[in-house]
Protein chains: 2
Amino acid sequence: MTKERLYLYDTTLRDGQQTQGVQFSTAEKQRIAEMLDALGVDYIEGGWPGANPTDSDFFDAAPKTRATMTAFGMTKRAGRSAENDDVLAAVMNANTPAICLVGKSSAFHVTDALGITLAENTENVSGSFQHIVGQGREALFDAEHFFDGYKTNRDYALEAIHAAYDAGCRWIVLCDTNGGTQPAEISRIIGEVIASGIPGDHLGIHTHNDTEQAVAGSLAAVLAGVRQVQGTLNGLGERCGNANLTAIIPTLLLKEPFASLFETGVTRDALKGLRKVSRSLDDILNRVPAKQAAFVGASAFAHKAGLHASAILKNPTTYEHIDPALVGNTRIVPMSNQAGQSNLRKRLTDAGLVVEKGDPALTRILDRIKEQEARGYSYDTAQASFELLAREELNQLPSFFEVKRYRVTVERRRNKRGQMVSLSEAVVVVKIDGDKVLNVSDSLGEDGSDQGPVNALNRALSKDLGKYQHIIDDMRLVDFKVRITNGGTEAVTRVIIDSEDGQGKRWSTVGVSANIVDASFEALLDAINWKLVRDADV
Amino acid sequence: MTKERLYLYDTTLRDGQQTQGVQFSTAEKQRIAEMLDALGVDYIEGGWPGANPTDSDFFDAAPKTRATMTAFGMTKRAGRSAENDDVLAAVMNANTPAICLVGKSSAFHVTDALGITLAENTENVSGSFQHIVGQGREALFDAEHFFDGYKTNRDYALEAIHAAYDAGCRWIVLCDTNGGTQPAEISRIIGEVIASGIPGDHLGIHTHNDTEQAVAGSLAAVLAGVRQVQGTLNGLGERCGNANLTAIIPTLLLKEPFASLFETGVTRDALKGLRKVSRSLDDILNRVPAKQAAFVGASAFAHKAGLHASAILKNPTTYEHIDPALVGNTRIVPMSNQAGQSNLRKRLTDAGLVVEKGDPALTRILDRIKEQEARGYSYDTAQASFELLAREELNQLPSFFEVKRYRVTVERRRNKRGQMVSLSEAVVVVKIDGDKVLNVSDSLGEDGSDQGPVNALNRALSKDLGKYQHIIDDMRLVDFKVRITNGGTEAVTRVIIDSEDGQGKRWSTVGVSANIVDASFEALLDAINWKLVRDADV
């Protein structure tokens, strides 16, 4: 049987940015667009050109994608032609192959929220899409409040979407803007829309999670006949979020009846990167990943109940609906020390540390990690700090140098021109082979601007490490993440530092303390020690 | 029309405890049981008596509830009578009015996971329930893996549940244990179960969230005829969690067709406490509440998009599917660079700043916010900093004091006992009414531990503000969030600080700088200035 093609439309960069507290930079938008493209979505909605500087900048330098880059805007305003609407012009000027315009399809919203006549709105819809299609662009209509509108004024809701369809719109996207429509209603109404003359392969669905059913509503719409699904990574979006593509995509690819009926732009191979895509977005947003997230959460395949855990060891299908590897996730069986040890050995081997099965050091390492994680550490990403911890327990960690003390001063005062300026200064005292070395550095970057105490500390620490200096000379600090977390009962600061060397090798280290400077210093120290373990001749 | 009664069965205390990292104490279980009872659920599953000391202790001193207290266990083992099964005896001995036993209904699990014959399993089910019902208890059967079992061996799945029903079980609960069954399948299979002779008012549904559709699966089951729904508060539970009662309950009470068809033990009045119940559970677990949670999340009624915000101000139903007050939640119209003037005016009015429509200050404020956000600031949550910015543009910000300079020192060295210890010291110089005041403080907490440079700075800054000191005396720093973000092309640190005063009033401020200490200082300054604006007589 030939599978039908289902199109995935991602709006993380536009509707996803409506999440409270989310504000992407242009560079972040570019990274996310590249991630989405590698995953295999069909459309990437990049933002609203003209609405704010970030979105405009993004389109000015949008990455080349296989996915259809789409600009978002709204239908033209009443009383002017599409050609003379400056808001629409800004959207057109982004020069994307596709344009998606939101417009009214609910009579109540036309007359009460917008304050124009139904006929005027219909003309705004027609006129806008005739203009876009006339310019040779692919057009999409986000029919706002479609389901609510349909329930109160069926005729007008249909009139609005037919106006867009007749004007040559490729996709009519039925939006449950307020998120309250139940999946069964979505199903029924879509059946009636198709019966009214718009075929399912021209219909899309856009749901919100206000009753925690956005995924179900989208999938019900697919079963009812629509062939485009709009959503966001990790379910970002206004209020409770949009339909979560991170749950929808694996369901479409792995669960029946979808897997047999449809194919998408996401391959089974790309699907294995799903967990990583989800985590990368959290990293960009510096958000704590949702442990219980379907498919990609750290707990999604964690089996805590004793009965489950013992059955899982016999046969994983007993308590798993899919193999976690299919989405790049891993099984966790906390009850079983055995599973923990084989995972650990795998990770040690990856680091070039071969440890025999049953070596008592394995238990010691697992215990240390547990202890450290209870204090706020996290070794998921900080592989280099993990390796140092393991080496310590395996007596394979040379002592290159010892930090005797450090002092950092941060000062803010008025300069000679009367401006308030900041300056930090760091002194670090280390002992190498019996020699005491004092290093001092300030916080000024090459352009003379203050880069803060952590940079000053980093420079002082890596200024003169005697016979090791040539090994760390090409190191640089490339990323610095800070999170307030819980260490036991107290809030502590967790710092993750990414370092890079001249060969482009990148590694991550972690530090934890109630004192943010201390936490940073610990991560800096680990970064240098890891580099020395790797490259020093001892 | 008379509404049909729908029963709510809460398993937060049993299945909810299977969440990774969740371990209730007996006292916590009692508090949660009381909360559930006040909310109005029909059954409270308290745990598995005999399985662990906490659960046994809970039943020994279970709170008196209107809800039916239920003990959980498993069907008797093969080769012995129900009377002689010690595991079952421990469950019976908890003396609850109702008992829920999990048992196999999937042939694969009987033969492969359990390793007994199908006939033996059927006898285990019959024998267990005959025993329980014979003792005058209300009996419930959690038919484990029912849907998966039904799909591979329909006859046996039906044989197992009919055995329980024929033995006098009040409720046959169809469990989607692995969480992979799609709502449409749940619907179809339930129709067939009812056709097989078990009426819907003896059927329950128990789903898991592994494809993010547990709520939808439960509601589809209700539409298909079941009359009991099992779930947990905040969707706690093994792996991705159980069906979330915090979303299901308001949907049943407020959304159609459910609201017209059914009544539950939860009244419209009790529903107003739902947000509080959800937060209390998070408090007990010391979890950060999920902002985007349906109905109860802090962002569930937050309107960030400018178009939405202006319509909401005209009529809240334009972008809200229910009135937030119905579930004890509140509307938020935050600032962001997508916000329009009406959004801004609403937010200013909330802050007691009345500005006429069209006032040029509105444009200036919006421009300043845009500019600041491009530098890395975020005013979504930092309402107090937003107010100060607006007041500045409106010439309504008195200058209480001026910071001339500050200096913070962070030192780490060996103490007399040879341990590495850290200590910070801060000096802040402020000018109040022409007088220069020097304040100094260290970073040691009441227990003598180092709390880092930001705490030292905070203490020095708020040590002596002269005539204003009495106003800020009751202020304390209650939360501190750090995020590395982009300010233009450079990575900068954004600090959000939450402060609280003696009246329990809480406010948030923001600071941004390449220097984390500077960013923190800026947020601390805003926090004090906001308090002075509010409470100082000027």
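In this predicted model, B:Asp10 has B:Ile44 as its bridge partner in β3(B).

**Strands around β2 of chain B**

- Strand β2 (residues 7-10) of chain B also runs parallel to strand β9 (residues 228-231) of chain B, with four bridges joining them.
- Within that pairing, B:Tyr9 is set opposite B:Gln230 of β9(B).
- A right-handed β-α-β unit is formed by β2(B), helix α1 (residues 26-39) of chain B and β3(B).

**Chain A overall**

- Chain A has 20 helices and 16 strands.
- Its C-alpha atoms fill a box of roughly 85 × 75 × 40 Å along the principal axes.
- Of the 538 residues in chain A, 51% are buried.
- Among contacts in chain A with a separation of 6 or more, 67% come from residues 24 or more positions apart.

**Domains and annotation of chain A**

- Domain 1 of chain A spans 4-266, domain 2 spans 336-400 + 465-538, and domain 3 spans 401-463.
- Between the C-alpha centres of domain 1 and domain 2 of chain A the distance is 45 Å.
- An unreviewed UniProt entry lists residues 6-272 of chain A as "domain: Pyruvate carboxyltransferase".
- That span, residues 6-272 of chain A, is 43% helix and 17% strand, and its end C-alpha atoms lie 19 Å apart.

**Where the chains meet**

- Strand β11 (residues 402-414) of chain A runs antiparallel to β11(B), and seven bridges join the two.
- A:Thr409 has B:Thr409 as its bridge partner in β11(B).

**Helix α17 of chain B**

- Helix α17 (residues 383-393) of chain B has buried residues at B:Ala384, B:Ser385, B:Phe386, B:Glu387, B:Leu389 and B:Ala390.
- What do the buried residues of α17(B) pack against? Their partners are α15 (341-350), α16 (360-374), β16 (506-513) and α20 (516-535) of chain B.
- Just after α17(B), B:Asn395 has a positive phi of about 55°.

- A:Leu281 is in helix α13 (residues 274-285) of chain A.
- A:Leu281 counts as buried because 23 C-beta neighbours lie inside 10 Å, and the cut-off is 20 or more.
- Beyond its neighbours within four places in sequence, A:Leu281 is in contact with A:Ile32, A:Leu233 and A:Asn234.
- A:Thr12 is 269 residues from A:Leu281 along the chain, yet their C-alpha atoms are separated by 9.9 Å.
- B:Ala290 sits in the loop between α13 (274-285) and α14 (306-314) of chain B.
- B:Ala290 has 20 other C-beta atoms within 10 Å, so B:Ala290 is buried.

**Backbone exceptions**

- Most peptide bonds are trans, and most residues other than glycine have a negative phi.
- The bond joining A:Glu256 and A:Pro257 is cis, with omega about 5°.
- A:Pro257 lies in the loop between α10 (245-254) and α11 (258-261) of chain A.
- In chain B, the peptide bond from B:Glu256 to B:Pro257 is cis, with omega near 5°.
- B:Pro257 lies in the loop between α10 (245-254) and α11 (258-261) of chain B.
- A:Asn95 is not a glycine, yet has a positive phi of about 60°.
- The loop between α3 (86-92) and β5 (98-104) of chain A holds A:Asn95.
- Is A:Asn95 buried or partly exposed? A:Asn95 is partly exposed, because 13 other C-beta atoms lie within 10 Å.
- B:Glu212 has a positive phi near 60°, and is found in the loop between β8 (203-206) and α9 (214-224) of chain B.
- With 29 C-beta neighbours inside 10 Å, B:Glu212 is buried.

Technical notes:
Residues are numbered from 1 along each chain as its sequence is written. Chains are lettered from A and ligands numbered from 1 in the order in which they are written. This is a predicted model: local features need pLDDT of at least 70, side-chain atom pairs count only at pLDDT 80 or more; totals for chains, interfaces and linings use all residues. A residue is buried if 20 or more other C-beta atoms lie within 10 Å of its own, exposed if 12 or fewer, and partly exposed in between; C-beta atoms are placed from the backbone. Two residues are in contact if their C-beta atoms, placed from the backbone, lie within 7 Å. Domain bounds come from an automatic or database domain assignment. Two strands pair if DSSP finds at least two bridges between them. A crossover is right-handed if, with the strands pointing away from the viewer, the path from the first strand over the helix to the second runs clockwise. UniProt positions are given in the numbering used here, feature names are shortened, and annotations may be inferred rather than shown by experiment.
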